[in-house]
Amino acid sequence: MTKTKGSIEAEISKAITQWEKDFLGRGSVSVKADILRNMIIVCLNGILTPAEYRVCETLDGMLSVKKTRSGLVESGVDTLKQIILDIASVEVTSFYTDISSVTGERIMVFKLNENLEKKLNEK
């Protein structure tokens, strides 16, 4: 059976939630993945702890939280790329991420080696 765009997006969301719990020790409140052309964009909500919000009240604190959280995610990027390969059967060529210290959101962008959206629409 061929996977649909929606089923791949749901599977990626679920897998990244599990990765967060296993690798970072806690998961987001919600995760939503979207396939757009040759990218998979993942929005993770509710990733900051109450203590991190407090630390983010100052510029130095915010930069510290962003740096620490970024470092943690980057140290697990090979596993994240493998998750995408296993689920969507496409290779990740580059990975980008940032976190909002105001909303507690993280955005992950997986740039792919092919246009996955087009590939799925052709089936």
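Helix α1 (residues 5–24) lies across β1, β2 and β4 (106–112). The helix runs at about 140° to β1. Helices (H or I, at least four residues) and strands (E, at least two) are DSSP runs, numbered from the N terminus. Axes are lines fitted to C-alpha atoms, for helices over the stretch in contact, and angles run from 0 to 180 degrees between N-to-C directions. The model is predicted: local features need pLDDT of at least 70, side-chain atom pairs count only at pLDDT 80 or more, and totals for chains, interfaces and linings use all residues. Residues are numbered from 1 along each chain as its sequence is written, and side-chain values use heavy atoms, without hydrogens and water.

The four strands form an open sheet in the order β1-β2-β4-β3, with antiparallel pairing (at least two DSSP bridges between two strands). From one strand to the next, the twist averages 15°. Seven antiparallel bridges join β1 to β2 (residues 39–45). A33 has V42 in β2 as its bridge partner. Helix α4 (residues 77–88) lies across β2, β3 and β4, at about 120° to β3.

Beyond its neighbours within four places in sequence, I12 contacts A33, I40, V42, I84 and I87 (heavy atoms within 4.5 Å).
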